[in-house]
Amino acid sequence: MSDQKKPGISRRDIIKGGAAAAGLVTASSLIPTRFAIGNTAKVKVGILLPYTGTYAKLGSNIKDALQLRINEAGGKLGGREVEYINIDSEAAPPKAPELTNKLLKKEQVDFLIGPVHSVVGMAMVKLARNADVIAVIPNAGANGLTGSLCAPNIFRTSFSSYQPGFPGGTAMLEDGHKNVVLMYWNYGFGKETAAAFKESFLAGGGNIVKEIPTPFPKVEFQAYLTEVAALKPDAVFTFYAGGGAVKFVKDYAAAGLHKSIPLYGAGFLTEGVTGAQGEAAEGIRTTLHYADTLDLPANIRFREAFLKTTGNQADVYAVQGYDAGDLLVQGMAAVEGDVRAKAEMIKAMESATIDSPRGKFTFSKAHNPIQDIYLREVVNGQNQVIRTVQKAVEDPAEGCKMG
Amino acid sequence: MPEIILRTEHLCKNFGGLKATDDVSLEFERGKVHAILGPNGAGKTTLINLLSGELQPSSGRISFKGYDITDARPEKISRIGIGRSFQKTNILPGFSCFQNCWIGAQSCLITSMRFFRPARHLRMVHRRADHALQLCGLAGKRNQIAGTMSYGEQRQLEIAMMLATEPELLLLDEPLAGMGSEESQQVTALLRELAREQTLILIEHDMDAVFSLADRITVMVDGAELETGSVEQIRNSQAVQDAYLGHADEEVA
Amino acid sequence: MHTVTRPIIVFLCLCLLLLLLFPVVGSSFYTGLVTKIMILSIFTISLDLLIGFTGLVSFGHAAFFGIGAYLLAILFGNLEQINYWWSLTLTLSLTGVAALLVGWLCIRTSGVYFIMLTLAFAQMFFYFFFESPHFGGDDGIFMLNKPQITLATRQLVDLDNEHHFYYFVLAWLVGVYLFLSMILRAPFGHVLIAIKANEQRVRALGYSTPHYKLVSFVIAGTIAGLAGFLEAAHTNFVTPAYLGWHESGMAIMMVILGGMGTLFGPVIGTFIVVLLQDFLPEFTEHWKLIMGAIIIFVVLFLPNGIAGLIFSISNRFSSRAPGGREG
Amino acid sequence: MEISFYLIQLLNGIQYGFLLFLMASGLTLIFGIMGIINLAHGAFYMIGAYLCYWLTGITGNLFTGILLAIPLSILFGYAVERLAISYLYRRDHLYQVLLTYALILIANELQSIFWGNDVHSVPIPELLRGSIQLTANQAYPVYRLFISGACITLAVAMYWVIQKTRLGMTIRAGASNREMVQALGININWLFAIVFSLGATLAAFAGMLAAPVNSVYPGIGDNILIISFVVVVIGGIGSIKGAFIGALLIGLADTFGKVLLPEMASMVVYALMAAVLFWRPQGLFGKV
């Protein structure tokens, strides 16, 4: 584990990329380049992900999967060797502008990959959209990133907060839950998810008994759970992630609520934390664009490869990183490694179809994935797909003036 | 009829159950040296702290030149013309002697909330600080860092800082405490010098010094006034000898 | 009380010259970084007024930095055109009012209580911006535009130009430095420094010390608000993390490392700490370990900071040529 | 809402208050006796939680985990006191703040090096895993009651140690007069080392107790640290009784704040603190 998270400009990353490339020199029969000079310089891929703090695991999984995809393509992008420049974002918004500038101005990267944290994403995209760079967001879900802040050179391979939220309402109505308590961490991502949930749930005739926003990132839920018990709803829809998800699910079960009031949530509630949640997670239903157990050839292949190279189980974050890598591979192949042909590359990326472990997807006009959302249930610690709630969910991309 | 500059009426101060000051009514005349004697724990320092506003009395009244200052804070008391020195040396050790006195002298400004002109342009403050140093015989030590001076000199500086505020009434809390005989003589001489023009209220252990300096003496025991009178009266008072000298022997022992 | 000797003045002028020339040679990234450092320096100098000159250890000073930044973003963030003069005046006066209220409550206590109270108030403001539904919560606020500095419809400085912004901030830093050295030389400053040395004595000499401390607190808070204003204008982005206690902790670190009780010390400290934060992560993921070790080293072996070192060196120089004393 | 709702919330508040008391009592003890303002107190909480996770994982049982973790915490507290804190006794609070702040940075990094950044859970032993049915659909976890029980036991034990034993006498004497303790021929360094390790262990123990319900993750110490400060300030620095009352007040204010004023739940405790201090700047039981 300690092996994969080396932030900063890790020498080893450069060597790793170089060595992989060197090993494949013979294999690569591509004769690239319209510009001979372009071929000698390495493609600079700047990665701004958290390697410390609460989101550290997400950051390292995304980075590993991204590099896995590029190495699968011969360790090169459009025939050129790759130099990775890693910076630890620490998921700290105040540092985001400076760190982004470090990649854009000091390192002058060709591609910018990141981040995990939505607010860091906002700060990053604000700077990147006016810069000569192509940015790919492998996680941060704030709607605005491909909404009001959308730009031709900004892509997202993950999701918008809207996407797991909106189908959540539909799924609960389909399951026959009409009176629902809505609980979420009261910060941007949680609020956006809750809003999208309400949109479909209320339109379908559902009734929100009470909306309980809880302070982020606090994990003392006992008082709220007592309230939920007193309200006696049909079910509860939530947004929690990481440590908060573990705590919430365990508290929910300990308060005896899991027996009488089914628990639903945006998929992060049971992503990568079911081990820590243990029995308490059993039976929880969540909506997400991915599930570990998806029975797709691409998924099975990917999960094996990821386990082999990193020794870790892949998760949704790794999938998103892997797809970010795929997008780079496709874009650079289209321009044969000429990073200056931005317009052409963007065109190729816009029209790319990503054969993702989550299932094939394409990009919306705002450069967000158009993807299927699954309803999953935790069975024996694993997220099993119950059904596809909604096919080809597209973010409304409010405020996006592009396309 | 001599002018009464400071008057206390039925002054009391309780700390929990302890009566540190017990119904003290005293009058201090302008231009006189009024010493307060008493064994350790007699409540002398508490009395001075009450007079200088460091402590607020539990009951009773204090008036200065006819104005009620019972509940006034230390800064107010200082501004209306009562200066005090402390029993434990209480100076600004990192500052030079001159700077120590400067702070005292600068309090003559109506307010020091002045942000623009450099302080060193204030000639009058300059003169007052230097004058205070001179009075206390510290002119030669003007630029020495206070914390590096001898103990006796620090005691002198303590008084100089008070003088720099140009008070009408001086409260001196054991100015001779802990001094060797030579230093002690120097400071006694200084006090005698001051006594010529100023009103002094003096708390002191050193009987010889008190008897040589004071015009009037009040003896306190257990927070209460035992007797007040001239030096002769006190010297000859049986009650004082019983109460105080008895204690004093213990103290020496 | 330190005496600013001639070698130090020469040293400071050299530093200023370096800062003046830097954008000419420095890359765009470092110009931006130094701009940020100078903004933070304004903030740490203001903290030094409290810690180093008044003896008030505020562990919540970042609150005023954050309030300044938030006021600009809340009041003016959505406007197409932000009038610099108006926004600055309004931001600073409201930050001053906030500092007055917090100061009034905190000044009544001293020592550890003061430390904990300032910390707790800062947390209160943090949660106010963090949880309030109106101010962006955890997401913070993104601003559309930078303030426009115009005088009679003529643009004086173009803040969108990073070199202009750099010199604009440098001018503010020099201005704040000169302003604070002015008030410290004035009667007011003498009282502050004396309060730090021995408050009880200063009170007995006739100064209403709570008033002086409060005024000092308000001045420091307002200048911190100015730094926040500049930071918000610089990045067009504010986040509740600006008010967090880690920011206050790092600011104290910068002041102590640079040398408290001198105005240039905090600037040096800020440069060192921010540059370390920039470089260290390139060597190890666990760079905060090194940061912690540096802090401990400073506390144990360098309590007067780098300015303390500079003073002892410069005293060696100036002791050869006596005179030039008295401050 | 029925009355049972408020009763259960009361229980929640008291339970949270007890846990805060463990944290705050250590903090206030260290300050009252040693005059040290210890920001690293939250780090001890974090270390306690991680030790508990680690040792419970090895031994397979929470109780043995905690039993092993306690001596380790004492040792750790002792080491920190000797290696860092002992240099601070004669220094200004400013340096104490700074040095203990550095200890937080270091402790967090060490945690990340030794245990990684994942969220971990600590299994509740079989014995305490059940719940007590309170209303038709709500149960109260037995483990939470166990936490409260453990906290009360510890509070009583602390009271007994401080009021009735020779060590307690020394501690009380040390709190009121340092010179006197030295005059009595008691080694003050020894006393400080004991008090500091004791305080650190109290925090660590709080972390251990809370680990099974809170799960264990990076940065858990930070949040509770600030709240513990608020408790100590409200109760009066140095007063154990104050810490107890303050902790209960904050526990209740926090719980009912969440329910009644959800929009500004986190601000309620700070507002309470401001109100108390406005009325009594030295805290409820603090000496002037």
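Tutor: First, a term: helices (H or I, at least four residues) and strands (E, at least two) are DSSP runs, numbered from the N terminus. This is a predicted model, where local features need pLDDT of at least 70, side-chain atom pairs count only at pLDDT 80 or more, and totals for chains, interfaces and linings use all residues. Residues are numbered from 1 along each chain as its sequence is written, with chains lettered from A and ligands numbered from 1 in the order in which they are written.

Student: How many helices and strands are there in chain C?
Tutor: Count the DSSP runs in chain C. There are five strands, and the helices number 13.

Student: What radius of gyration does chain C have?
Tutor: The radius is taken over C-alpha atoms, and the globule rule is 2.2 Å times the number of residues to the power 0.38. With 327 residues, a compact globule would come near 20 Å. Chain C agrees with that, at 20 Å.

Student: Which chains share the most contacts?
Tutor: Two residues are in contact if their C-beta atoms, placed from the backbone, lie within 7 Å. Four pairs of chains are in contact. The pair that shares the most contacts is chains C and D.

Student: Which helix of chain C gives the most to the side that touches chain D?
Tutor: The contact takes 34 residues from chain C and 33 residues from chain D. Helix 5 (111–131), helix 10 (245–258) and helix 12 (287–301) of chain C each supply at least two residues of that side of chain C. With 13 residues, the one that gives the most is helix 5.

Student: How far apart are the nearest C-alpha atoms of chain B and chain D?
Tutor: Chain B and chain D do not touch. Their nearest C-alpha atoms are apart by 13 Å.
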